[in-house]
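Please keep the sequence and the structure in view while reading.

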Amino acid sequence: MSKVIVVTGTATGLGKATVDKFATEGWNVVATVRKTADLAVHEGHPQVKTLLLDVDDEQAIPDFAQQAVRQFGQVDALVNNAGHYQMGPVESTSMAQVHRQFQTNVFGLIAITKAFLPQFRGQRSGVIVNISSLTAEQGYPYSAVYAASKAAVATLSEGLSMEMAEFGVVVRAIMPGQHATRIFTKIDAASDIAEDYQAGIESFFAATPMTGSSPTVTADVIYQAVLDPQVTRVRYYSGPDSAAIPTAKRILGPQQYWEEFREAATGRPSALWSALVPAPGPEPLQRDV
Ligand SMILES: NC(=O)c1ccc[n+]([C@@H]2O[C@H](COP(=O)([O-])OP(=O)(O)OC[C@H]3O[C@@H](n4cnc5c(N)ncnc54)[C@H](OP(=O)(O)O)[C@@H]3O)[C@@H](O)[C@H]2O)c1
């Protein structure tokens, strides 16, 4: 019988590519979207059932989990992908924006995970894949809150992987580099930014490439992470800019890595950094700020 995977946030981007990948590989998929208008987004795949879910709605999540299991009678894997991107200096970011960022990227992800854990623990099997980010590997200026939310996802995944090991449940964190998706057209941007910040923001954006990897790059890594027999591995890096990080950290050591990253992020990459850390993939990026 085909295995079953649940994927959140699948209307676009990495989530949609993940649904395409698993469906093409013969899996049954329970995909979630948050807008009724997107319910038909996977209609080309007959083995995909698309359900409505806003991961911010913690009250709805236990019922959603039961509904998800009922679709095919079992669940073998869960991909927590839904997320959004808050940007701006910390000083200019409202606490409502901070809460919104953590509600979707962290609290919603934890609530969904908790709703499926009894199922996975009971069946003594299951794989949970949490979508973190390259930004969890080091703080980024002007997206420090987003990076903090993704660092929470990565460390949560590590702790949870140890808790669930004795029950045969595997937990992964995916660290995608920059990908060309619609996330950058829906940025929750800080407002009322003091003039003092403008020069720093401009040099940061000038140093940020306007290309990214195709979402299929990360969908392939998620597929590998679900199937990987090495149960203790948590972090998987996708995209050339992210895949280079473990090696760069090993070669440079923590402090020099950090110093080199700081220079590169403000537009002054050293020759060594440029040799160690390639640009993101070649797809053109759309950004609304
Ligand atoms: N693109 C990158 O460079 C990159 C890099 C590292 C990590 N990531 C992470 O990858 C994941 C997917 O992002 P993406 O780049 O593929 O962007 P995307 O195309 O905007 O996809 C994000 C999906 O999450 C959904 N979503 C957002 N908030 C939600 C909520 N409260 N409840 C349910 N669904 C919600 C969106 O729904 P709507 O379509 O309704 O907005 C969308 O379908 C995110 O967790 C993101 O942080 C992305």
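Helix α2 (residues 61–72) and helix α3 have axes that come within 9 Å and cross at roughly 45 degrees. Axes here are lines fitted to C-alpha atoms, for helices over the stretch in contact, and angles run from 0 to 180 degrees between N-to-C directions. Helices (H or I, at least four residues) and strands (E, at least two) are DSSP runs, numbered from the N terminus. α2 and α3 are therefore oblique to each other; angles under 35 degrees count as roughly parallel, over 145 as roughly antiparallel, 65 to 115 as roughly perpendicular and the rest as oblique. The crossing of α2 and α3 is right-handed (the near helix is turned clockwise from the far one by less than a right angle). In α2, I61, P62, A65 and V69 meet A111, I112, A115, F116 and Q119 of α3, contact meaning C-beta atoms, placed from the backbone, within 7 Å. By class this contact has eight nonpolar, one polar and no charged residues, where Ala, Val, Leu, Ile, Met, Phe, Trp, Tyr, Cys and Pro count as nonpolar, Asp, Glu, Lys and Arg as charged, and the others, Gly among them, as polar.

The model is predicted: local features need pLDDT of at least 70, side-chain atom pairs count only at pLDDT 80 or more, and totals for chains, interfaces and linings use all residues. Residues are numbered from 1 along each chain as its sequence is written.

Helix α3 (residues 95–123) also packs against α4 (residues 144–165), at about 15 degrees and with the axes 9 Å apart. That angle makes α3 roughly parallel to α4. The α3 side of the contact includes V98, F102 and L109, and the α4 side includes Y146, V153 and L156. Ten nonpolar, three polar and one charged residues make up this contact.

Beyond its neighbours within four places in sequence, L78 is in contact with V6, F116, I128 and V129.

Y142 is in the loop between β6 (126–131) and α4, and D192 in the loop between β8 (188–189) and α5 (198–207). Y142 is buried, with 24 other C-beta atoms within 10 Å, whereas D192 is exposed, with 8. The cut-offs are 20 or more such atoms for buried and 12 or fewer for exposed, with partly exposed in between.

Definitions and conventions
Contact = placed C-beta atoms within 7 Å.
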